[in-house]
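Good morning, and thank you for the time. I would ask you to look at the sequence and the structure together as I speak.

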Amino acid sequence: MTRLADLVELVRAPAALSVPGDVVAGAVAAGALYRRTPALAGASVLLYWAGMAANDWADRRLDAVERPERPIPSGRVRPAVAWGVAAGLTAAGLAVATAAGGRRAAAVAFPLAATIWGYDLRAKDTAAGPAVMAACRGLDVLLGATGGRAARALPAALTVAAHTWTVTALSRREVTGMADRRLPGLTLAGTALIAVAAPGRPTVLSGAPCSTGGVKRGPFLQLGALVPAVLAAGYAARYGRAQARVLADPAPARVRAAVGAGITGLPALQGALTARAGARLLGLAVAGAAPLGRRLARLVSPT
């Protein structure tokens, strides 16, 4: 009988802490932060878990050679069970998204699910793999933007997609390591650019009108404007250090550590994007998932 712990490992459950921030960042940017946002975030998590299960099902023969400890090749989860979990979670995610956001959410959720499965079954081992995975994350941000001005969420979607490209490109060398240092150099440069662009120009949501008709920017607002920059700097420092170690020594273990840092560090970037759109306290809350994700990653690998 398949144990719950084996299913948790199959879907890399703790790594889903990096997912709700996509929807939140998209919702805040588009002015669509409503009661349905938590349900859309839940749908996003279900689709993420479905993708993890489908990924292991598709890789079961390769994992038997490279990662025999994974749930399927070790015999702890049968391939048919993994397939059923992936299909069931996909159906559940689409149902929740449609129930919460109606046709507009479904119009994003269905392409998102198709892109996830397309990556797992086709694109993963091709040159297009990182771009397809980046598209998954970009669509995830836009899922949160449904019901609002979705165009305003495009910068956030592209930022998260760019980060995802760097993580996916590195992940393709988790087992073999790097043949040369050009790739980690490229991803590190990309991370630096993302961190610089992420804070943007923070939105001021409120302020006391002054006699000239302007807005008083007191110390609290000035400090609040620093939140996106601080979160983006924290994201860059942690993920950047991990990539710098790969540059110094491109061994598989260091590549895996960098990929893990990219996954668990994503909430800090999502928090910066959320704070940039004006929801600074919510941005801090989103970023708070990063340290928790790092702790849980010690128990269940996110890669």
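I shall speak about the packing of this model first, then about its pockets. Please bear in mind that the model is predicted.

As for Leu10, beyond its neighbours within four places in sequence, its contacts include Met52, Ala53, Ile72 and Val77.

Which residue has a positive phi although it is not a glycine? That residue is Arg12, with a phi of about 50 degrees. Arg12 sits in the loop between helix 1 (4–10) and helix 2 (20–30). Its relative accessible area is 4%, so Arg12 counts as buried, the limit being under 20%.

I turn now to the pockets. The largest pocket has a volume of about 980 Å³, and 42 residues line it. Nearest its centre lie Asn55, Tyr119, Lys124, Met133 and Ser171. Helix 3 gives the most to this lining, with 7 residues. By class, the lining has 16 nonpolar, 11 polar and 15 charged residues.

The second largest pocket has a volume of about 360 Å³. Of its 19 lining residues, Arg238, Ala257, Gly260, Ala261 and Thr264 are the closest to its centre. Here the largest share of the lining, 7 residues, comes from helix 11. The classes in this lining are 7 nonpolar, 4 polar and 8 charged.

Technical notes: Residues are numbered from 1 along each chain as its sequence is written. This is a predicted model: local features need pLDDT of at least 70, side-chain atom pairs count only at pLDDT 80 or more; totals for chains, interfaces and linings use all residues. Side-chain values use heavy atoms; hydrogens and water are left out. Helices (H or I, at least four residues) and strands (E, at least two) are DSSP runs, numbered from the N terminus. Buried means under 20% relative accessible area, exposed over 50%, partly exposed in between (1.4 Å probe, protein chains only). Contact means heavy atoms within 4.5 Å. On a 1 Å grid over the protein atoms alone, a cavity is a set of points where a 1.4 Å probe fits but cannot get out, and a pocket is an open set with protein on both sides within 12 Å along at least five of seven lines; lining residues have an atom within 4 Å of a point. Grid points are joined across faces, edges and corners, and a volume is the space filled by probe spheres set on the points. Ala, Val, Leu, Ile, Met, Phe, Trp, Tyr, Cys and Pro count as nonpolar, Asp, Glu, Lys and Arg as charged, and the others, Gly among them, as polar.
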